[in-house]
Amino acid sequence: MLVWLILIGLLVFLVLNPILRLIVSSLQQADTGRFTLENYRAAYGNIRHLQALLNSLELGVGVALLASCFAVPLAWAISRTDMPGKPFIRLMVFAAFVTPPYLGAIGWILLAGPNSGWLNKAWLALTGADHGIFNIYSMAGLILVVAVTSFPYTFVFTSSALDLVSSEMEDAANILGSRTLRTTLRVTLPLVTPAIIGGIIISFLEAIALFGAPALIALPARFNVVSTQLWQFFEYPVRIEEAAAYSIPLLAITVLMFWLQRRILGRRGYASVSGKGGERRMIALGPWRWVMFGYALLVCALSVFLPMIVLLQAAFAKAWGRGFSLDNLTLHNFYYLLVEQTQAKQTILNTFVYAGVTAVAAVSLSLAIAYVVSRKLVPWSNVLGFLCIAPFVIPGIVLAIGFYAAYASPPLALYGTATILILGFTTRFLPIAYTSSAAGLRSINPEMEEAVRILGGSRFLAIRRVLIPLLKKSLAGAWILVFIPATRELSSAIFLVGPNTRVISVMLFDLSEEGNFEVLAALGVILLIATIVIAAIGSKLIGRDFMLRRNT
Amino acid sequence: MSRLTLTGISKRYADFAAVDNIDLELQSGEFVSLLGPSGCGKTTTLRMIAGFVDPTSGTIEVDGELLSSPKGSIPPDRRQMSMIFQSYAVWPNMTVEQNVAFGLELRKLGKSEIKRRVGEMLEIVHMSHLADRYPSELSGGQQQRVSLARAIVIRPSILLLDEPLSNLDAALREEMRFEIRRLHDEFHITTVYVTHDQAEAMVTSDRIAVMNHGRIEQIDDPRTLYDRPKTRFVAGFIGRTNFIEGDNDGHRISFDGFALPCAAFDGILSSQRKTVFSVRPHSMWLSETQPTTPGICPPVEVLVLERAFLGEHWDYVVKPRAGATTLRVATSPVNDIAVGASAWLQLEPHQMALIG
C-alpha cells in the first residue's frame with residue numbers, strides 16, 4: 001500500500017495536478033483567484049485569436065493530407081513491391097523522423113526564403129526573372145515544411161499495417177481475375193485504411209501542437225496559429241489565465257482525436273483475421289518500379305537532401321549567402337559554439353544533462369509502475385497505468401502551461417530552475433517510457449521470478465537478479481527513446497526555461513530571431529550528430545528500426 | 001470444366017529442385033489430390049498451376065491452351081481459375097456478400113445477376129443468414145465456407161485448394177472434407193487439392209498423387225494406392241505398414257523366421273531374388289490357438305512382445321519364434337492375447353504388396 005501511495009503521489013504531482021491547475025486557472029481571476037469566465041471571453045472575444053484557431057486547423061488538415069501523399073505510396077512501395085533501393089529510402093525516412101521540425105524549417109527558409117533562398121536564386125539564374133517564385137513565409141510553405149518532417153508518422157502506421165497483410169489476400173483477388181492496380185486499390189489499401197487514418201490523425205495532432213516551425217515561418221509571414229498565439233500570452237505582462245483558457249480547445253481536440261483513432265483502429269480487428277500461412281511476396285512492378293523509386297527520391301529530396309545540404313553548407317560557411325566556394329569554408333561556427341562562447345557551451349551541456357536525467361527518471365518511474373501493474377500488486381493498479389500514458393494526449397505546449405500554472409509560482413517557485421524543465425520533460429515523455437517498459441515486462445514470464453521465490457529469494461532479489469538483467473535491453477531502448485526527443489524538445493521548453501537553464505532548441509530559436517543562420521546551422525548539426533550517434537548505438541543494441549516501430 | 005495437363009514440369013531454385021519433372025493429367029471434372037510431406041513440392045506445383053510461380057521447364061496446358069512455359073506465362077488474373085488458400089484470405093474489409101461478389105463484379109455481370117448468383121451460392125454453403133457479417137465476426141469454419149463460395153461462384157475452369165483445412169480443429173476438418181466433396185459432386189469442377197493429410201485426400205479425391213522430393217511417386221485412386229502401393233515411400237506414407245524382406249529361390253520366399261510358397265502369389269513376383277513386401281497390420285490374422293483350417297500359407301508361430309489396447313482394435317508387436325524381425329498386427333478388440341504368450345500369425349499373399 002505504501003508503494004501505491006508513493007507512486008500515485010508522484011503521478012498526481014507530474015500528471016494530474018498540472019492539468020487540473022491548467023483547467024482551474026482558466027476559470028480564475030488573475031489576482032483574486034475568484035471563479036470567472038472572463039478569461040474565456042478575453043481569449044475568444046478577439047477576432048485575431050479566433051483566426052489563429054482556424055489557421056491551426058487549416059495547418060493540421062493540410063499537413064495531414066500532404067503527409068499521407070508522401071507516406072502512403074512510399075509505405076506501399078517499400079512493404080509490398082520490388083522497388084529498388086528500399087534500405088536507402090527506409091534510412092532516409094528514418095533521417096526525416098529524427099530531424100527536429102524546426103531544423104527542417106530553417107533548412108527550408110534557406111532554400112525558399114523570398115529572394116535569397118537557394119531555390120529562388122536558382123530560378124532567377126535560370127529564367128532571368130526579377131523575383132523568385134517560392135515564398136516559404138506562407139501557409140503553403142508552413143504546410144510543406146511540417147509535412148516533410150511529420151510524414152514518417154503516417155509512414156510507420158501504414159507500413160506496419162501493410163507488413164501484416166498476407167500475400168494470400170492479394171493472390172485471392174488475382175486468381176479471380178483482378179490486376180495489380182485494381183487489387184491494390186480494392187483489397188490492399190482498404191485493408192490498411194484504418195492505419196492510414198490513424199497516421200493522418202497523428203500527423204494532424206502533431207501539426208497543431210507544433211511550436212518551432214510555425215514560430216519560424218508563420219510569425220514572419222504575419223499570421224498566428226494556436227501555439228504561437230499561446231506564446232504571445234506569455235510576453236510581458238504574462239497572462240497565464242488567458243493562456244490556460246485559450247489552450248483548452250487544443251487539449252479537447254487532441255483527446256477527442258485520440259479517442260477517434262482508438263475506435264477506428266479497434267474496429268473489425270482488420271489485421272487479426274489473416275490467420276496462418278502469412279507468406280509474403282513482393283509485387284513485381286516491372287518498369288514502374290523506377291517511377292516509384294523516382295517518387296521516393298523526390299520525397300527524400302524535399303524532406304532530407306535539400307534541407308540537409310543547405311544546413312551543412314551554412315554550418316561550414318562564413319556567410320551562407322556566398323555559396324559553395326572554398327574561401328567561404330570555415331570551422332569558426334563550431335569553434336564559436338564549442339569553445340569561444342561560454343553560454344553556448346553551458347547550453348549544450350544543459351541539453352544533454354537534462355535529457356539524460358529525464359530519461360533515467362521517466363524509465364525508472366515507468367518501470368516501477370509497469371511492474372506494479374503487470375503483477376497486480378495493488379488494487380486499482382490500472383489507474384496507475386492510465387495516468388502514465390495520459391500525457392500522450394496532452395500537447396507539449398499545453399503541458400508546459402499547466403506546469404507553469406502549477407509550479408512556477410510559490411510555494412514551490414520552480415520557475416527558471418532545472419528542476420521544472422526536467423519534471424516537465426519527464427511527464428511529457430512518460431508515455432514513451434511506459435509503453436516500452438510495459439512491453440518489455442510483458443515478454444517476461446512471471447515464472448522466471450516465481451522460480452527465484454520458490455528457492456527462497458525475496459521479491460527484491462528476484463527483481464535485481466533476474467528481472468533487471470533480462471530487461472536490460474528494453475530499458476536501454478526506452479532510455480534512448482526518451483533521451484532523443486528530450487534533447488530537442490522545444491514546445492514545452494520555451495515556456496519553462498530561465499536565463500540559466502537554456503537548452504539547444506531554445507537557443508536555436510533565439511539565433512533564428514537574430515538571423516544568425518551560420519551559427520544556428522552549426523548548432524543544429526551538433527544536435528543531429530549527437531542524435532545519430534545515440535540512435536546508432538540504439539540500433540546496434542536493440543535492433544534496426546527500433547525507433548520506427550509502432551508501439552502506441 | 002476443363003482438362004489440365006502438366007508436362008515435364010520442374011521448378012529449380014539455385015541447385016535445389018523443388019519440383020522435379022512432373023507429368024500429370026486431370027480429366028475434365030476430375031478431383032486429384034497432391035499428397036506428401038512438407039517440402040515435397042506439392043504447394044509449388046499448385047502455385048505453378050495458378051500462375052503465381054513460373055516453371056523452370058515443362059508446360060502447363062488447359063484444354064490444349066498453353067498457360068505456362070519457361071518462355072512466359074499467362075498471369076493468374078487471366079487464367080479463369082479459383083483458389084482456396086491456407087489462410088482462407090477472406091478480405092476482412094468486405095462483408096461475406098461482398099467477398100463472394102468480388103469475382104463476379106470483375107466479370108462485369110449485372111447487379112441483379114450478381115445478387116442472384118451470390119444468394120444461390122451462399123445458400124449452397126449454408127451461409128445465407130450471415131451474408132452481411134464481416135469475416136472477423138465469423139468462426140474459422142464459416143470463413144472457410146465463404147472462401148469456398150467465393151471460389152466456386154465464378155464457375156472457374158480449375159479449382160485449386162492449398163491445404164484448406166489445416167487451420168481448422170479436428171471435428172470441423174472432418175465435416176469440411178465431406179463438404180468439399182459434396183460441392184465437387186454438385187459442380188464437377190476440375191480440382192487440384194494439396195494436402196499432407198491422407199484421410200482428407202482419401203475422402204475427397206478421385207485420384208491421389210503421392211509426392212516426395214519433388215516427384216510424383218504414384219498416382220492412383222485411393223483404394224489402389226492403399227492396397228497396391230508401388231514404392232516403399234507410398235506404402236509408408238499412406239497408412240501404417242510392415243516391410244518384410246524375403247529371398248526368392250523360385251519355389252519359396254524365405255523371410256526371417258518363416259517362408260511362403262511362390263505359387264501363392266499368382267504371378268506378381270519378378271525374377272529377382274531379393275523381394276520386399278508391404279503388409280498392413282490389418283491384413284494379417286493373429287490367433288491364440290493354431291488355426292484348424294489352414295489358408296493358402298501355413299501359419300507362423302510368433303511370440304507376443306508388446307501390446308496396446310486402442311479401443312477400436314488391439315495393437316500387437318510380435319516376432320516369429322524362429323526369427324528376429326518384429327511385426328505390427330492389428331486385431332479385433334476381443335482378441336486378447338497376453339504379452340509373452342505364443343500365437344499363430346496368418347499371412348495372405350494377395351494382401352501383400354510387392355514394392356521392390
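Tutor: Here is a talk about chains, domains, helices and strands, with the rule behind each word.

Tutor: This is a predicted model, in which local features need pLDDT of at least 70 and side-chain atom pairs count only at pLDDT 80 or more, while totals for chains, interfaces and linings use all residues. Residues are numbered from 1 along each chain as its sequence is written, and chains are lettered from A and ligands numbered from 1 in the order in which they are written.

Student: What makes the domains of chain A, and where do they run?

Tutor: Their bounds come from an automatic or database domain assignment. Chain A is divided into domain 1 (41-241 + 268-273 + 280-313) and domain 2 (331-552). The centres of these two domains, taken over C-alpha atoms, are separated by 25 Å.

Student: How many residues of each domain of chain A take part in the contact?

Tutor: Two residues are in contact if their C-beta atoms, placed from the backbone, lie within 7 Å. By that rule, 24 residues of domain 1 of chain A and 26 residues of domain 2 of chain A take part. Among the elements that give two or more residues to the domain 1 side are α4 (86-98), α7 (139-162) and α10 (212-217) of chain A. The largest share, four residues, comes from α5(A).

Student: What classes of residue make up that domain 1 side of chain A?

Tutor: Ala, Val, Leu, Ile, Met, Phe, Trp, Tyr, Cys and Pro count as nonpolar, Asp, Glu, Lys and Arg as charged, and the others, Gly among them, as polar. The side of domain 1 of chain A that touches domain 2 of chain A then has 21 nonpolar, three polar and no charged residues.

Student: Why is α5(A) called roughly perpendicular to α13(A)?

Tutor: Helix α5 (residues 101-112) and helix α13 (residues 288-315) of chain A pack at an angle of about 80°, with their axes 8 Å apart. Axes are lines fitted to C-alpha atoms, for helices over the stretch in contact, and angles run from 0 to 180 degrees between N-to-C directions. Angles under 35 degrees count as roughly parallel, over 145 as roughly antiparallel, 65 to 115 as roughly perpendicular and the rest as oblique. So α5(A) is roughly perpendicular to α13(A). Their contact includes A:W108 of α5(A) and A:M308 of α13(A). Its residues divide into 11 nonpolar, two polar and no charged.

Student: What makes helix α11 of chain A mostly covered?

Tutor: A residue is buried if 20 or more other C-beta atoms lie within 10 Å of its own, exposed if 12 or fewer, and partly exposed in between, with C-beta atoms placed from the backbone. In helix α11 (residues 226-233) of chain A, six of the eight residues are buried, including A:V226, A:L230 and A:F233.

Student: What about chain B: how many helices and strands does it have?

Tutor: Helices (H or I, at least four residues) and strands (E, at least two) are DSSP runs, numbered from the N terminus. Chain B comes to eight helices and 21 strands. Of its 356 residues, 41% count as buried.

Student: Why are β7 and β11 of chain B at the edges of their sheet?

Tutor: Two strands pair if DSSP finds at least two bridges between them. The open sheet has the order β7-β8-β9-β3-β10-β11 (chain B), with mixed pairing. β7 (81-84) and β11 (215-220) of chain B each have a single partner strand, so one side of each is left without a neighbour in the sheet.

Student: How do you know that β3(B) and β9(B) pair?

Tutor: Strand β3 (residues 31-35) and strand β9 (residues 190-195) of chain B are joined by five bridges, in the parallel sense. B:L35 stands opposite B:T195 in β9(B). Helix α4 (residues 140-152) of chain B packs on the sheet, touching β7 and β8 of chain B.
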